[in-house]
Amino acid sequence: MRNVSTIYQREIKSYFYSPIAYVVISVFLIASGFFFAGNLQFWQEASLKGSLDSIQFFLLLLTPVITMKLFAEETKSGTIETLMTSPVTDFDVVFGKFLAALSLYIVMILPTWIFVLFLTIFGNPDFGPIFSSYIGLILMGGLFVSVGLLISSFTKNQVVAAVIGIVSLIILWVVGFLSTYGEGWFYETLRYAGTFDHWESFTKGIVDTRDVIYYLSFSTLLLFITVRNVESRKWR
Amino acid sequence: MINVKNLTKRYVNINAVDNISFNVEENETVGLLGPNGAGKTTTMRILTCFMPATAGSATVAGYDVFNDSLNVRQQIGYLPENVPLYLDMRVNEYLMFRAKLKNIPRRERKKRIDYCLDITGIKDVQNQITGTLSKGYRQRVGLADTLIHDPKILILDEPTIGLDPNQIMLIRQVIKDLGQKHTVLLSTHILPEVEMVCDRIMIIDKGKIVAMDTPANLMKQLKTGLNVVLEIKGDGEKIKNSLSGIDGVRSVTWKEKGDANEFYVEGSGEGDIREAVFKCIVKDNYILREMKRHTITLEEIFHQITTKETEEVSDDNA
């Protein structure tokens with residue numbers, strides 16, 4: 001576990017040494033400010049419902065930018081060789097990087113609480129759905145980061161990692177909508193696999209264990225595949 | 001300390017390392033020598049647990065590289081070729097990160113870092129960002145990193161490549177000093193380097209070990225005796241004939257050089273031919289302007305061994 005924390009600390013520092021963290025956080029906050037203002041004007045009600053849906057879509061585009069460098073950069077610069085010949089396990093490395101990216105994600109969405117402050121000053125919002133939405137956002141962040149991390153471990157090109165990451169997340173998002181085109185186990189599976197359906201119940205103020213388990217198990221599975229993929233250099 | 005047995009690493013259609021076996025004893029410095037693509041880096045990557053072998057086994061400090069890889073990695077300091085560093089970190093910060101990863105107890109970290117900064121001579125750049133350092137300094141940061149956990153075994157892949165002559169001297173001296181207390185396996189294709197720092201040389205070509213011995217024995221192995229270079233004034237052909245007649249001379253070649261001729265006399269290996277050569281020249285009244293010994297260098301050994309191999313291979317094919 002100590003190695004996980006060593007790797008975590010380095011990754012966090014590295015985010016803030018490079019412009020990535022600042023650029024991503026600024027872009028995100030500017031965009032979510034627009035979404036908040038726009039939705040507020042349109043719905044004229046003291047809730048985050050519409051804003052968070054837009055923000056959620058925007059996170060889909062930005063999270064792969066956070067995760068793109070995690071493995072791609074190390075493979076490209078060769079530091080993967082010094083890292084993997086140190087006495088650390090593949091799991092330490094993958095998990096440390098995962099936590100670092102997830103932390104940056106959480107740091108990025110935290111300032112949006114200022115919207116909640118505005119809502120309480122000028123209105124009387126229902127806090128239930130707001131809290132549950134943020135729980136949903138964090139769980140979803142775990143999944144998005146796992147997807148990005150896995151893709152980053154496949155390539156040494158950061159741009160490729162980001163683009164494929166964004167495309168994958170969009171597919172994961174829209175695949176749920178396909179379920180409206182039919183019935184039966186196939187469409188039911190699609191509905192379950194898509195992220196949107198699970199996200200929606202959080203925005204309604206419902207923290208359903210089924211949705212929590214969906215996010216946690218899906219993220220765990222992807223992290224497991226990432227560890228295996230990092231390991232695979234040994235049998236390729 | 002390092003035992004390698006029938007190690008093979010196969011890529012899609014070539015054997016990068018082909019059934020090699022060798023041992024490295026404790027506190028021995030062994031130079032791995034070979035042309036580009038001979039399999040030096042692959043061998044090192046297997047020993048450092050970066051990639052596994054296709055067949056065969058290797059143990060480092062008593063631990064198997066495949067089954068006991070964490071213990072192996074704790075025992076070795078590995079400097080990869082091109083010295084990859086995190087270019088956004090400061091030197092001392094990078095070394096602190098590596099010290100933590102290599103499980104150095106909290107209280108000793110600072111002391112170890114200071115020691116390594118000192119021994120590699122990079123104390124004055126310790127607060128600089130590694131990305132701003134020149135190649136030579138990066139190399140030394142890499143070396144400091146390999147030493148940080150005081151490993152028993154150092155595996156250095158071309159540690160002096162791309163350095164300026166002064167830095168090469170410095171790094172060689174550092175390696176030589178380390179060789180007293182550490183087991184060192186280093187790869188290079190700079191021959192004077194192995195001659196200077198290594199106890200034993202292993203020449204590897206196309207994934208196979210073609211020679212392995214001390215530098216002195218390798219020269220003996222080639223059965224060349226004492227060769228002399230002469231500069232004599234007089235008729236070249238005649239001098240050649242009389243020199244060829246001397247006992248213990250295997251061959252004589254000559255070419256014109258200014259107003260005199262230069263002779264290359266190859267001895268057959270038994271005894272010193274210099275006195276006989278001198279007497280022969282004096283007897284015929286030629287003027288001797290220069291006589292010097294010519295010892296065969298590692299370059300020549302290396303060239304002979306690696307080209308001999310290819311000739312044999314092409315003979316087999318024919």
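In chain B, 68% of the contacts (heavy atoms within 4.5 Å) between residues at least 6 apart in sequence join residues at least 24 apart. This is a predicted model, where local features need pLDDT of at least 70, side-chain atom pairs count only at pLDDT 80 or more, and totals for chains, interfaces and linings use all residues. Residues count from 1 along each chain as its sequence is written, chains are lettered from A and ligands numbered from 1 in the order written, and side-chain values use heavy atoms, leaving out hydrogens and water.

**Overall build**
- Chain B has eleven helices and 14 strands; these are DSSP runs numbered from the N terminus, with helices being H or I of at least four residues and strands E of at least two.
- The C-alpha trace of chain B spans about 80 × 50 × 30 Å along its principal axes.
- Its radius of gyration is 25 Å, whereas a compact globule of 318 residues would come out near 20 Å (taken over C-alpha atoms; the rule is 2.2 Å times the number of residues to the power 0.38).

**Surface and charge**
- Chain B exposes about 15300 Å², with carbon and sulfur atoms supplying 48% of it (Shrake-Rupley, 1.4 Å probe).
- Of its 318 residues, 48% are buried, meaning under 20% relative accessible area with a 1.4 Å probe and protein chains only.

**Helix α1**
- Helix α1 of chain B (residues 40-47) is largely enclosed by the rest of the structure, because six of its eight residues are buried.
- Those buried are B:Lys40, B:Thr42, B:Thr43, B:Met44, B:Ile46 and B:Leu47.
- After α1(B) comes B:Cys49, with a positive phi near 70 degrees.

Key. Buried means under 20% relative accessible area, exposed over 50%, partly exposed in between (1.4 Å probe, protein chains only). Contact means heavy atoms within 4.5 Å.
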